[in-house]
Amino acid sequence: MNSEFPYMEVDLDRVKDNLFKICKKTCKKTEQVIAVVKDNSYGLGAAAVAKVLQNTGVVWFAVAAVDEALFLRENGITGDILVLGITDENCFKAASQHNITLSIIDRTQLSVIEKNYRDCNFKWHLNIDTGMHRDGIMYDWILNGNTEFVEKLVKLKSVINGVYTHFHSSDSKKQKSVVLQQNNFKKAISALQNAGFNFDIIHASNSGACAYSNVGENEYIRPGTLLYGCRPDPNRDTGIDVYEAVKICSRISSVRYVKKGQGVSYGNIWKAPENTKIATIQIGYADGFPRVISKTAFVIIKGKKYPVVGRITMDYIMANIGSETEINVGDEVVIAGKSDNLQISVDELAQNARTIGYELMCKFGGLMNHKYILNGQVISFHKRELF
């Protein structure tokens with residue numbers, strides 16, 4: 001079999017189109033977007049995605065760690081890069097050399113920053129915990145005016161030019177918690193401004209907030225999964241006409257006859273209700289296809305949907321193709337994405353797997369080859385790394 005299968009096809013034109021639609025919904029310019037490309041752009045490939053976004057006018061990118069930021073620099077990303085996670089002191093020099101903005105996400109960082117900031121030429125964004133309780137400086141520490149803490153923070157105001165928070169339930173139908181966090185965020189910012197801070201960049205709205213909440217007039221937006229066409233909640237429409245930018249493809253490696261009553265795959269949990277043909281397809285849970293959807297998944301072959309039967313295995317799935325005679329070894333199979341007038345979305349797979357599209361994209365993307373489409377043409381093909 002051709003070793004390019006299975007692969008993730010990434011349509012960069014759709015990423016651009018999704019960006020414009022998000023900007024239109026939130027009344028923002030592309031320069032006011034902090035594109036979240038952390039964890040390899042949720043599996044799509046950070047270098048390719050960031051390049052096309054930069055060429056479209058995005059000037060800010062968010063990653064999880066310094067090594068991701070350095071990877072973007074190595075691949076021609078010249079815009080501002082914000083590291084959302086905690087950064088060790090031994091990475092400060094690299095951040096300074098490559099103009100990378102770091103995040104303050106815990107009060108224990110303040111002493112380390114104070115010791116180093118005069119020797120390092122880079123900026124910081126202050127993460128304020130308004131209710132997520134994962135990371136960030138607790139907003140009530142700021143509001144209550146803890147003297148020792150505020151004094152330490154004020155000493156660093158010359159290197160802190162941004163502030164942000166993260167919503168814990170922005171994809172919820174009930175927006176009460178978002179409003180509460182927004183109010184806490186505004187109060188904390190006001191208190192900091194009264195203490196002499198001047199923030200150039202304020203950001204809070206993740207994908208869920210971009211879709212379902214009111215974005216502050218002077219705020220930047222911070223979309224992630226929406227850029228790639230997945231919904232923050234796979235069970236709920238976003239109100240933004242975004243399209244999934246990924247398509248998962250593979251090929252048939254075997255076709256065999258199975259008699260009525262014969263079982264398929266491990267445990268023979270599925271038995272043929274009649275004489276039929278089974279197509280074995282080169283993809284499995286080692287490629288990110290969730291084993292939990294063994295009984296609910298479908299694939300598209302030659303413009304028709306077929307059910308996946310039997311247990312999903314490490315490298316293969318099996319589809320019941322009935323008495324179909326025109327399906328052969330080597331035929332392409334769409335695992336997720338659009339084919340002719342049919343579609344199986346990543347969100348649909350996520351619903352069946354009782355998870356979210358974010359997780360599946362990360363898994364598929366980390367385990368598969370990538371094919372990139374731009375201006376309707378294949379521009380590159382990247383093989384997955386083998387360790």
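Partly exposed means a relative accessible area between the buried limit, under 20%, and the exposed limit, over 50%. At 32%, Asp17 therefore counts as partly exposed. The model is predicted.

**Nonpolar cores**

- The largest nonpolar core holds 114 residues. Leu53, Ile160 and Val299 have the most contacts inside it.
- Helix α3 (residues 46-55) gives the most to this core, contributing 6 residues.
- Beyond its neighbours within four places in sequence, Leu53 is in contact with Val15, Leu19, Ala35, Val58, Phe61 and Leu227.
- A second core is separate and has 7 residues. Among them are Val258, Val264, Ala272 and Ile278.
- In soluble globular proteins, nonpolar side chains tend to be buried together.

**Salt-bridge network**

- The salt-bridge count is 8.
- Asp17, Lys21 and Asp241 are linked in a network of salt bridges.
- Asp17 pairs with Lys21, with the closest N and O atoms 3.0 Å apart. The two residues are separated by about one helical turn because they sit 4 residues apart in helix α1 (residues 12-26).
- Lys21 also forms a salt bridge with Asp241, at 3.9 Å from N to O. Lys21 lies in helix α1 and Asp241 in the loop between β10 (220-221) and β11 (246-258), so this pair ties together parts 220 residues apart in sequence.
- Lys21 is partly exposed at 21% relative accessible area. Asp241 is partly exposed at 47%.

**A pair of sequence neighbours**

- Arg134 and Asp135 meet through their side chains in a salt bridge, 3.9 Å from N to O.
- Arg134 is exposed at 54% relative accessible area, whereas Asp135 is partly exposed at 22%.

Technical notes. Residues are numbered from 1 along each chain as its sequence is written. This is a predicted model: local features need pLDDT of at least 70, side-chain atom pairs count only at pLDDT 80 or more; totals for chains, interfaces and linings use all residues. Side-chain values use heavy atoms; hydrogens and water are left out. A nonpolar core is a set of buried Ala, Val, Leu, Ile, Met, Phe, Trp, Tyr and Cys residues joined through side-chain atoms within 4.5 Å. Buried means under 20% relative accessible area, exposed over 50%, partly exposed in between (1.4 Å probe, protein chains only). Contact means heavy atoms within 4.5 Å. A salt bridge is a side-chain nitrogen of Lys or Arg within 4 Å of a carboxyl oxygen of Asp or Glu.
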